[in-house]
Amino acid sequence: MHLLSASRVCALLITALLHRVSGMETVIGQFGETLEIPCNNGVVEAEDVFITKWKYDKGERLTGDLLVKQKGQNTSVIATDDYKDRVAMAANSSLLLSEARLTDQGTFTCMVVVGANIQEYPVNVVINKMPAELEISDKAEELEIGKLTKLAKCVAPDANPAADIKWLKNNKPLVADGKGISIQASVLVDPLTGLSTTSSVLEFSAEKEDTDAVFTCSTVHVTGELVSSPVTFTITYSTENIVLKVIAQDPLVEGDNVTLKCIADGNPAPTSFNFHLKGETVKVEDADTYTITNISRDTAGEYKCSLVNNPSLEASENVTVNYLNINLSPSGNIVQSAEEALNLTLQIDASGKSMVSWTKDNVKLNKEPKFTKLTYSDSGLYECKVKMGHLSQKASFELLVKGAPVIRELTKKRGEDGQYEVLICEAEGAPKPAVSWSINGTSPEESQFVNGKITHKITVVPSANLTVSCTVINEFGADTRSINVSSYQSEDSDQTKLVVGVVVGLLVATLIIGLAYLVYLKKSKQGSWKTGEKEDGSSEEEKKLEEKVEENSQKAEV
C-alpha cells in the first residue's frame, strides 16, 4: 500500500517536473514595486483546489517555502527569510511580492493539489529598473579648435539591465572614429542593490562650426528612453578674418551720422580695434564701433579697420555720400513787362544722374519753360523738381507779366429777335484793366481775368445811328476803339428808298425802249413812201406807242 502510494507520488512529481520545464513563463517586474506572479493562469478552477503552495528556487537545487493555503482556511506564511514580510496570496492564488528587488530574480513555483493529483506551475521572474536620470557632468570650460579635449561625462545610475549611453550633437549621434571623437564607457554594479551605473566619457576635437553646437546624451532602455539636458561649450579660436560694416541710413546724405563696425571671427572676439579715417587712425578700446557725425561729401571715401595686435589683418569699405543741390535763377516773385525776354537758369550739383520735371500752376509741363517774348499767358507759378534716386529738391518762382491794356477786338452781334445789338470788347493787359463804354448798355457781362485776357459785353437798342467806343485802362496805360451802330428805323427808311429807286429805274428803262421803237417806226415810214407802201397800219401802231410812252412818262413823274 505504502509502496503504491510512494510510486504514485513519485510519478506525479516527475509529471509535474516535466510540465514545469516545458511550460515555464516569464514575468517582468519593476524594481521597488509590487509584482503579481500568476498561478496556473486559470487552468484549474479555484474551487477545485484543495491545497495551494508557493515556493522559490534558492539555487544549488534548494527550494524555499513561502506560503500555503488549504481550502476553506486562511493563507499561512511559512517563509522565515527576507520574504516573510513581502509575500501574500491573491484571491486567484497569484503570489504578490512587494518591494521587488534584483535578488528576487529567479524561479517561483506554484504547487496545486487537486484531488489525488499534484501539479506545479513554475514562473521565471525578471526585475528591471530604468536609470534614475541622465546627467552630464565634468564639463570642459572651453574647447580649442583641432585639439582632442575631454568634453564631459554622462552618467546613467541605478539601472537594470545596465544602460547603453549614446552621445548626440545637434540631435545627431556621434560615433567614435579614433580621431576627432572618442567615447569610453564603463559599468559599476552596486554590491548591495545589484543595480548598475553606466558612465560614458566623450572626448571631442572641435571645429569653428561647432561654436553654437548643442550636446546631449541619451539611452534607450528596456523600460523606456531618457535624454539629458542640453549643454553647450565655448570654443576658442584666433581671428582669421575681419569685416568692416557701414551702418547708416539709406540713402546716406550729407549731415547724417555713420557708424563703422569692425567684426572679427575670433572667439573670444577682439575688444580693441584701429579705425583708419581719411589719413587719421583712431584706437577704440572695449568696443568694435566708431561713429562719424555730420558726414559730408568731403569726408566720403575709403575707410578701414584693423586689429590692434595684428595691424596687417584689416578690412575696408567705401562710404558714398549722396548729395543734391539746385539753384534756380530767378526765383521768388518776378514782375516783367509784356514782350520782354526772361532768362531762366537751373544749376544742379548732384552725386549722380538726376531727372528734372516742371509744372505750371500744378499742371505738368512737357519741357523746361522758355521766355524769349513774354505774353500775359506766361503769368503763373512755376515749380521745378529735381530727383536723384531717393533724394529730391524743389525750387519755384511766380511770374507776373504786366503791361498797358490793348483792345484786341471790338465786335457787334445782332440779337436773336433782331431788336438789339450785343457789343463785345476783348482786351489784354495786366494788372486787370477796367472796361468802360461811351454809352449805357444793359445786361453787362464780364469774363474771368485769365492769362491777362478779359472780355466785356453790353446790350444796346439804338434809336439812331451812332458810334460807340470801348475803353480799357490800368496803371500802365489805356486803349480805346470805336464801332458804328445803326438804329433799326434808319435801316427801314433806306430799304424803302432802295425799292422806289428800283421801280423808277424800271419805268425809265421802259420809256427809253419805247422812244427807240418810235424812232424806228418813223424811219420805216419814210422808206415806205419811197416804195409806195400803205401807211394805215403803221399809223395806228404809232398812236399806240405814243400813248404807252406818255403813260410811262406820267408814272415816272408821279
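How many helices and how many strands does the protein chain have? The secondary structure comes to three helices and 39 strands. The model is predicted. The points below go from the chain totals to sheets, cores and single contacts.

1. **Chain totals.** The protein chain has 558 residues, and 35% of them count as buried. Its accessible surface comes to about 33800 Å². Carbon and sulfur atoms account for 49% of that surface. Take the contacts between residues at least 6 apart in sequence: 58% of them join residues at least 24 apart.

2. Strands of a sheet pair through backbone hydrogen bonds, either parallel or antiparallel.

3. **S3 against S4.** S3 spans residues 51–59 and S4 spans residues 62–70. The two are antiparallel and share eight bridges. Isoleucine 51 has glutamine 70 in S4 as its bridge partner. Glycine 59 stands opposite leucine 62 in S4. Two residues lie between the strands of this hairpin, and glutamate 60 takes a positive phi near 55 degrees.

4. **S4 against S5.** S5 covers residues 76–77 and joins S4 through two bridges, again running antiparallel. Valine 68 has serine 76 in S5 as its bridge partner. This hairpin has five residues between its strands. Glycine 72, in the turn, has a positive phi of about 85 degrees.

5. The largest nonpolar core has 26 residues. Ile37, Trp54, Leu66, Tyr83, Leu95 and Phe108 touch the most other members. S2 (35–37), S3, S4, S6 (87–89), S7 (95–97), S8 (106–114) and S9 (117–128) each supply at least two residues of this core. S9 gives the most, with four residues. A second, separate core has 23 residues, including Ile136, Ala163, Trp167 and Ala213. In soluble globular proteins, nonpolar side chains tend to be buried together.

6. **The four-stranded sheet.** Another open sheet runs S10-S12-S16-S15, with antiparallel pairing. S10 (135–137) and S15 (181–189) are the edge strands, each pairing on one side only. From one strand to the next, the twist averages 20 degrees. S15 and S16 (residues 196–205) run antiparallel and are joined by nine bridges. Serine 186 stands opposite serine 199 in S16.

7. Is threonine 459 buried or exposed? Threonine 459 counts as buried because its relative accessibility is 15%, and the cut-off for buried is under 20%. This residue lies in S37 (residues 453–460). Leaving aside residues up to four places away in sequence, threonine 459 touches Tyr420, Glu421, Val422, Gly441, Thr442 and Ser443. Aspartate 85 sits in the loop between S5 and S6. Aspartate 85 counts as exposed, at 66% relative accessibility. Its C-alpha atom is separated by 8.7 Å from that of serine 98, 13 residues apart along the chain.

8. **Salt bridge Asp138–Lys153.** The whole structure holds 18 salt bridges. One of them joins the side chains of aspartate 138 and lysine 153, at 3.8 Å from N to O. The pair links distant parts of the chain, 15 residues apart. Aspartate 138 is in the loop between S10 and S11 (142–144), and lysine 153 is in S12 (residues 148–159). Aspartate 138 is partly exposed, at 44%. Lysine 153 also counts as partly exposed, at 24% relative accessibility.

9. **Salt bridge Asp349–Arg297.** These side chains meet at 2.9 Å, N to O. Aspartate 349 lies in S29 (residues 345–350). Arginine 297 lies in the loop between S24 (289–292) and S25 (301–307), 52 residues apart from its partner. Aspartate 349 is partly exposed, with a relative accessible area of 36%. For arginine 297, also partly exposed, the value is 27%.

10. The closest N and O atoms of lysine 432 and glutamate 446 are 2.9 Å apart. Lysine 432 is in the loop between S34 (421–430) and S35 (434–437), while glutamate 446 is in S36 (residues 442–446). Lysine 432 is partly exposed at 43%, and glutamate 446 counts as partly exposed at 40%. Elsewhere, salt bridges that share partners join Asp82, Arg86, Glu99, Arg101 and Asp104 into one network.

Key
Residues numbered from 1 in each chain as written. Predicted model: local features only at pLDDT ≥ 70, side-chain atom pairs only at ≥ 80, totals over all residues. Heavy atoms only, no water. Pairing = 2+ DSSP bridges. Core = buried A, V, L, I, M, F, W, Y, C linked by side-chain atoms within 4.5 Å. Buried < 20%, exposed > 50% of the residue type's maximum accessible area, 1.4 Å probe, protein only. Axes fitted to C-alpha atoms, helices over the stretch in contact; angles between N-to-C directions. Contact = heavy atoms within 4.5 Å. Areas by Shrake-Rupley, 256 points an atom, 1.4 Å probe, with all protein chains shown as cover. Salt bridge = Lys/Arg side-chain N within 4 Å of Asp/Glu carboxyl O.
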